[in-house]
Amino acid sequence: MLLAELLAVAVFCCAERQPAHPQAVYKWAHSKMKLCRAEYRTIAKFTDQLRPTRQCMKMLKDRFPNHSQSTLLSIFSLEYQKRMKRSLVRHHAPDVIEDYYQRYRSEAKKRPSDPVLLELANEVDLSPSLMARLLVERFLEEQQGSVSSKQVLNSMLREPSLIPDMQLAKHVEQCTINDCCYGPLVDCIKHAIGQEHEEILREKLRERNLSFLDENHLRAKGYDKTPDIILEVPIAVEGHIVHWIESKASFGDEQSHRTYLNDQFWSYWNRFGPGLVIYWYGFIAELDCQRDRGILLKDCFPSDIITLCHRLGES
């Protein structure tokens, strides 16, 4: 099993088992499907009632059995993060943090072996990892009489054994392990999955004997903001010229796609010409509306590539 899958199983208790070879994982990723806007909204609405627990994925899969678990997880993560951003100001109010801290201390004293911090996070609809962050920060302030540095706080969240309170350390670890949207473990998972899909992309390009430069080559040449792949010889996909390819190991919803367009894709287009974006876990079909302007969306590596060699052979 790949690193990303091992981590995902640890956090999400995934029912699906991915094979270890990148080519096999590519076939698994290819099962992802595009959704129409209405389908996406139906799934997003259902996620409103869910918390980032191990049980939430089973509920999603039971409700939407025709969609892959990874696509559903990606959608849930996107929607849950939107929900957290809307409520973050309320949870960060000093009186609210103090209430959470005192409630946690009281419950931890009564039920020391129970996951009281995780229960509190779910009760108030706050990400377990974000709740852990708030209360560790409050604990350190109480212990030291001042606010700890971000570096110290991050170190303790990554390695709870550094927290000088064994009970709180155990509860923070429970929050980290049971949060499928936030926290250091999720950050590691996302990075690993992103790296895996970039390698899948490079492998598919090598199989087709397509010459390319990846981000490392491009940075060495002095480029700062670049797509994952620049093709040394352009290709045509579904009648559209492609100079570059960007790999996104996520689902493409309207908000994230709009952000990517403004922050990345249009700047790539200005510098390198038209390109292709692969959302490996699917995307909202209506977002693939910029083809004539030079940005093509796919949910897998394209099978109908036309290369310069093909054209020369036909002439």
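Me: How much space lies in the second largest pocket?
Reply: In this predicted model, the second largest pocket holds about 300 Å³ of space.

Me: And which residues lie nearest its centre?
Reply: The lining consists of 15 residues, and those nearest the centre of the second largest pocket are Arg133, Tyr182, Gly183, Pro184 and Asp187. The elements that contribute two or more residues to this lining are α8 (128-144), α9 (150-158) and α11 (184-207).

Me: Which element gives the most?
Reply: That is α8, which gives four residues to the lining of the second largest pocket.

Me: What does the lining look like by class?
Reply: Sorted by class, the lining of the second largest pocket has six nonpolar, five polar and four charged residues.

Me: OK, new topic, charges. How many salt bridges does the structure hold?
Reply: There are 23 salt bridges in the structure. As background, side chains of opposite charge can pair when their charged atoms come close.

Me: What does Lys82 form a salt bridge with?
Reply: The partner of Lys82 is Asp253, and the closest N and O atoms of the pair are 2.7 Å apart.

Me: Which salt bridges lie within a helix, then?
Reply: One of them pairs Arg103 with Asp99, where the closest N and O atoms are 3.7 Å apart. These two residues are four apart in helix α6 (residues 94-110), so about one helical turn separates them. Another joins the side chains of Arg206 and Glu203, at 3.5 Å from N to O, and these residues are three apart in helix α11, again about one turn of the helix.

Me: What about Arg206 and Glu203?
Reply: Arg206 has a relative accessibility of 41%, so it counts as partly exposed, and Glu203 is likewise partly exposed because its relative accessible area is 28%.

Me: Which residues are linked in a network of salt bridges?
Reply: Glu107, Lys110, Arg111, Asp114 and Glu119 are linked in such a network.

Me: Let's switch to helix α4. Which of its residues are buried?
Reply: In helix α4 (residues 54-63), the buried residues are Cys56, Met57 and Leu60. They cover an arc of only 100 degrees around the axis, and therefore they lie on the same side of α4.

Me: So what is on the face turned away from that side, and what covers the buried one?
Reply: The face of α4 turned away from its buried side carries the exposed residues Gln55, Lys58 and Asp62. The cover over the buried residues of α4 includes α3 (37-47) and α5.

Me: Stepping back, how many helices and strands does the chain have?
Reply: The chain has 14 helices and six strands. Of its 315 residues, 51% are buried, and among contacts between residues at least 6 apart in sequence, 65% join residues at least 24 apart.

Me: Last topic, the backbone. Which residues other than glycine have a positive phi?
Reply: One of them is Asn209, with phi near 55 degrees, which is found in the loop between α11 and β1 (212-214). Asn209 counts as exposed because its relative accessibility is 70%. Glu238 also has a positive phi, about 50 degrees, although it is not a glycine.

Me: Where is Glu238, and what does it touch?
Reply: Glu238 lies in the loop between β2 (229-237) and β3, and with a relative accessibility of 32% it counts as partly exposed. Leaving aside residues up to four places away in sequence, Glu238 touches Arg291, Leu296, Lys298 and Asp304. Glu238 and Arg291 are 53 residues apart along the chain, and their C-alpha atoms are separated by 9.9 Å.

Key: Residues are numbered from 1 along each chain as its sequence is written. This is a predicted model: local features need pLDDT of at least 70, side-chain atom pairs count only at pLDDT 80 or more; totals for chains, interfaces and linings use all residues. Side-chain values use heavy atoms; hydrogens and water are left out. On a 1 Å grid over the protein atoms alone, a cavity is a set of points where a 1.4 Å probe fits but cannot get out, and a pocket is an open set with protein on both sides within 12 Å along at least five of seven lines; lining residues have an atom within 4 Å of a point. Grid points are joined across faces, edges and corners, and a volume is the space filled by probe spheres set on the points. Ala, Val, Leu, Ile, Met, Phe, Trp, Tyr, Cys and Pro count as nonpolar, Asp, Glu, Lys and Arg as charged, and the others, Gly among them, as polar. A salt bridge is a side-chain nitrogen of Lys or Arg within 4 Å of a carboxyl oxygen of Asp or Glu. Buried means under 20% relative accessible area, exposed over 50%, partly exposed in between (1.4 Å probe, protein chains only). The arc is that of the directions from the helix axis to the C-beta atoms. Contact means heavy atoms within 4.5 Å.
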